Amino acid sequence: MSATKPRDVQILPVGTNTTILRSRSWARLRFEIEYALAKGTTANSFIIQGDKIAVIDPPGETFTEIYLQALQERIDVKKIDYVILGHINPNRAATLKALREIAPQITFVCSNPGAINLRTALENEELPILVMRGEESLDLGQGHNLQFIPTPNPRYADELCTWDPQTNILFTDKIFGAHICGDQVFDEGWETFNEDRRYYFDCLMAPHARQVETALEKFADLPVRLYATGHGPLVRYALQELTESYKQWIKQQTNADMSVALIYASAYGNTATLAQAIARGITKTGVSVESINCEFADPEEIKTAVERSAGFIIGSPTLGGHAPTPVQTALGIVLSTATNNQLAGVFGSFGWSGEAVDLIESKLKDAGYRFGFDPIRVKFKPNEVTLQTCEEAGTDFAQALKRAAKKTVVARQPASNVEQAVGRIVGSLCVVTATQGDVKTGMLASWVTQASFNPPGLTIAVAKDRAMENLTHTDNNFVVNILAEGREIRKHFMKVYAPGQDRFAGLDTTEANNGGVILNGALSYLECTVQNRMEVGDHWLVYATVDDGQVLNQDGVTAVHHRKSASYY
Ligand SMILES: Cc1cc2nc3c(=O)[nH]c(=O)nc-3n(C[C@H](O)[C@H](O)[C@H](O)COP(=O)(O)O)c2cc1C
C-alpha cells in the first residue's frame, strides 16, 4: 500500500440495481485512534436504482469533488430522489450541500437524532427529511422496499442501518467495518483482514459493547447475504465468522470483572475523539468501558453505570467558559453516586481558556476523589501525540484499578510449582523501540527469541496493555536493542513514565533507518518488520523479520533476565 497514491473513487456493482462507490484514501485519514494502524481507509457509498434512486452515505468533504464526478458517471445526479444517512458527520455537510445544489428535490432519510444533527450541519431548518424510527419503510420500486434499523450508541447516537430485502444486503454503517484501503471490494481471503477488523472493533465498538449487542439482536432474523459496511471491504465471505467474532468480543467486554464509566459530551467531536482513545487504553488491559454520551443518556443510566463501575472518567469541552449543561448534570449525578473508593479522571478539548476541565477537576478534588491520571487538556483537535497520551492515560487508569483490586483481595501468593518451573525460561534483555509519525516509544522486553534463520526472524511477547502494543501490528517497524550486562539502560526503562512522557530523555540515541530508536549503549540492535501476530492469552506474540542490524559492543555479554517465577517479569 502506498501512502502517496492519489485519492480516487472505485465503482463496482455489488447486487441487483446496487452499486458501490468507494472513496479511497491510501494514507491515514484522521487523527482518531481507530485510524492508528495507518492503512488508509475507504468511505463506502452506495446507489440503489429502483423506480426511484437512493444514494446511501456520501463521503466527507475531502472527497466531494471526485465523488460527485464518479456519481455522475453512473447516474444522472439531478434525478436522485433520496439520500440515506447512516450517521451525520459535520464533515459530510460540504458533499450534501453540493448534492442539494445539483438536485434540490432530494429528500434525506435518517434517524430522529440524525435529523437534528443534519439540520444543524446544513444550517437549514426546512430540510425535507424522512425520519426513520424503525417501523417505517421506503419503497424505491422493483422490490427495493427498504427497511430501517436504528442502532444508537454513545459515539453515534444517530446511527441507522438499512435493510434491502430485494438484495438481502444490510447496510451496516460503522458496524463490521475496518480501516483498510486496497483494491479488494469484498473480503475473499478474509483471514488477512482479521487483525484490522479486531482493532476496529476494539477502538470503535468495545466501549459501547452493550449497544452493539442490541444491534446484532436486531439483525438476527434477517437473511443477510452481505454486510455493506461504511468502511473497508464488504463482508461477504466472513459473514458468519465475523458475526460470531463480534458476539465473542462483546462477551469479553460485558463479562469483564471491572468496568469504567466514561461519561462525556462533545459538540464538535474533539472530546469524543479523546474519549475513544482513553477507552482503547482501558479496554486493552481487559477492563471494560461503559461509555456514555451524557447529551443522550438519562440520569438513571448514568447512575447505574457509575454504581457498577470501579472508576469513572468525565470528559467535557469548554463552551462559553463552562462545561455544557448535560456534563454539569452528569457531574451532579456522579458526585451523589460514586464512593471515594472509586478512581476518577477528567479530560476535555478546549479552544483558549478551558474552564470546563478545571471546574470538574476542582469539584472532584473537593469531594475527595483520587485521580487515576493527571487531567488531560487538549487544544482543539487532538494529534497523534495527544491521542497516544490519552491511550496511555487510559491504560494507567485501568492498571491502577487492577492494583487496587489485587490489594484488597489477597496478598501475593507464593509461586506455584508450574510458575517456578516456567520462570526458569530466560531470554535476552532488550529494549524494543518504535516510531510512528510523531509517536516514539520504547519498552523493556525479555521475552524475545530467535524464531527463524531464513529470513532472520524473532518473536517478542508483548503484553496487551503495554503502550508499545499499538506499534506491533503487521507491517509496523521496530528496533530491538539487545542490552549488555549492566544496569544503566535497564534502570532507565524500569521507571514509571507518565502518559506521553519522553522515554528517551537523557539517553545517547541514534535514529534507525526504519524510524525506531537505536540505543548507542546497547550490545547490538536489530531493525525489524512485523510479519504477523498471534493472540496468546494476555499477550500478543509478534513475529518479525530482521532487515538490518549491527553489533555496537564487540566485547560485551548479553544481559539475561533471571526470574524465580513465571507470574511476573
Ligand atoms: C460557541 C463556542 C464557544 C466556545 N467557548 C470556549 C471557551 O469559552 N473557552 C475555550 O477554551 N474554548 C471555547 N470554545 C472552543 C471549544 O472548546 C473547542 O472547539 C473544543 O475543541 C470543542 O470540543 P468538542 O469538539 O468536544 O465539542 C468554544 C467553541 C465554540 C464553538
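**Reading helix packing, domains and the ligand shell**

Ala209, Arg210, Val212, Glu213 and Leu216 of helix H5 meet Tyr246, Lys247, Ile250, Gln253 and Thr254 of helix H6. By class, this contact of H5 with H6 has five nonpolar, two polar and three charged residues. The model discussed here is a predicted one.

User: How is a pair of packed helices described, and what are the angle and the axis distance for H5 and H6?

Analyst: Two packed helices are described by the angle between their axes and by the distance between those axes. Helix H5 (residues 209-219) packs against helix H6 (residues 239-254) at about 145°, and their axes are 9 Å apart.

User: Is the crossing of H5 and H6 left-handed or right-handed?

Analyst: H5 and H6 form a left-handed crossing.

User: At what angle do H1 and H2 pack?

Analyst: Helix H1 (residues 64-74) and helix H2 (residues 93-102) pack at about 40°, with 10 Å between their axes. H1 and H2 are therefore oblique to each other. In passing H2, H1 makes a right-handed crossing. On the H1 side the contact is made by Thr64, Tyr67 and Leu68, and on the H2 side by Ala94, Thr95 and Ala98. The contact of H1 with H2 divides by class into four nonpolar, two polar and no charged residues.

User: Where do the axes of H8 and H9 stand relative to one another, and at what angle do they cross?

Analyst: The axes of helix H8 (residues 299-307) and helix H9 (residues 325-337) come within 10 Å and cross at roughly 40°. That angle makes H8 oblique to H9. The crossing in which H8 passes H9 is right-handed. Pro299, Ile302, Lys303, Val306 and Glu307 in H8 meet Ala330, Ile333, Val334 and Thr337 in H9. By class, six nonpolar, one polar and two charged residues make up the contact of H8 with H9.

User: How is the protein chain divided into domains?

Analyst: The protein chain has domain 1 (8-252), domain 2 (256-407) and domain 3 (419-551). The centres of domain 2 and domain 3, taken over C-alpha atoms, are separated by 31 Å.

User: How many residues of domain 2 and domain 3 are in contact?

Analyst: Domain 2 has 13 residues in contact with nine residues of domain 3. On the side of domain 2 that touches domain 3, the residues divide into three nonpolar, six polar and four charged.

User: Which residues around the ligand come nearest?

Analyst: Of the 18 residues around the ligand, the nearest are Tyr268, Asn270, Thr271, Pro317 and Gly351. Helix H7 (270-283) and strand S16 (343-350) are the elements that give two or more residues to the shell around the ligand. By class, this shell has seven nonpolar, eleven polar and no charged residues.

User: Turning to the backbone, which residues does a cis peptide bond join?

Analyst: Asparagine 454 and proline 455 are joined by a cis peptide bond, with omega at about 0°. Proline 455 lies in the loop between strand S20 (448-452) and strand S21 (457-463).

User: What is the phi of phenylalanine 176, and where does this residue lie?

Analyst: Phenylalanine 176 has a positive phi of about 70°, although this residue is not a glycine. The position of phenylalanine 176 is in the loop between strand S11 (169-173) and helix H4 (194-205).

Note on methods:
Residues numbered from 1 in each chain as written. Predicted model: local features only at pLDDT ≥ 70, side-chain atom pairs only at ≥ 80, totals over all residues. Axes fitted to C-alpha atoms, helices over the stretch in contact; angles between N-to-C directions. Helix = DSSP H or I, 4+ residues; strand = E, 2+ residues; numbered from the N terminus. Parallel < 35°, antiparallel > 145°, perpendicular 65-115°, else oblique. Left-handed = near helix turned anticlockwise from the far one by under 90°. Contact = placed C-beta atoms within 7 Å. Nonpolar A, V, L, I, M, F, W, Y, C, P; charged D, E, K, R; others polar. Near = placed C-beta within 6 Å. Domains from an automatic or database assignment.
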